[in-house]
Amino acid sequence: MAKARTIGIGMDYSATSKSALKWAIDNLIEAGDIIVVILVLSPKSDPANKKLFADTGSPLIPLIELKEPGVCKKYGITPDSELFDMLDSVSRDKMAKVVAKVYWGDPREKLCEAVNLLKLDSLVLGSRGLGAIKRVLLGSVSSYVVQNASCAVTVVK
């Protein structure tokens, strides 16, 4: 049996990040893999646990806890039944372990930080599909992460 891989999924609840998760489930995730859903929230949000974990991000949150409204509230996570259904199904069908980690700050920097801290084998992100001008003006999270992450990065359109 191959060694379990640790695969990160950048999640912002957008249609593109959910598409990236679906792509990873269909094409990348295998039995026994560890899935880390990485949520990077606005530095302006102020949930109860942010003060404890602002520098390091939250501890890893198991899927069963992630689905509890009280846990979501403590970390400032928006409960999303579609996301939870997808994660439940990959956990059950592919016997993958699913956890989440919450960061607050710039998604570009925090995703790269997560790659190193969590020793990810792979990271999957969605792409907003910005045009060249908007990408230069606004900055592309996926472009930055592809250039700076120390693991393989897959960007799903």
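Welcome! In this predicted model, the mean positions of the 21 positive and 17 negative charges of the protein chain lie 4 Å apart. Here Lys and Arg count as positive and Asp and Glu as negative, leaving out His and the chain ends, and each charge is placed at NZ of Lys, CZ of Arg, CG of Asp or CD of Glu.

**Overall build**
- The protein chain holds eight helices and six strands, taken as DSSP runs (helices: H or I, at least four residues; strands: E, at least two) numbered from the N terminus.
- Along the sequence, the pattern reads β-α-β-α-β-α-α-α-β-α-β-α-α-β.
- The C-alpha trace spans about 45 × 35 × 25 Å along its principal axes.
- Of the 157 residues in the protein chain, 45% are buried (under 20% relative accessible area, with a 1.4 Å probe and protein chains only).

**A look at strand β4**
- Strand β4 (residues 97–104) has seven of its eight residues buried, so the rest of the structure largely encloses it.
- Strand β2 (residues 34–41) pairs with β4 in the parallel sense over eight bridges, where pairing requires DSSP to find at least two bridges between two strands.
- In β4, Lys-97 stands opposite Ile-34.
- Strand β3 (residues 61–62) pairs with β4 in the antiparallel sense over two bridges.
- Pro-62 stands opposite Val-99 in β4.

**Reading notes**
- Residues are numbered from 1 along each chain as its sequence is written, and side-chain values use heavy atoms, without hydrogens or water.
- Local features need pLDDT of at least 70 and side-chain atom pairs count only at pLDDT 80 or more, while totals for chains, interfaces and linings use all residues.

Conventions
Buried means under 20% relative accessible area, exposed over 50%, partly exposed in between (1.4 Å probe, protein chains only).
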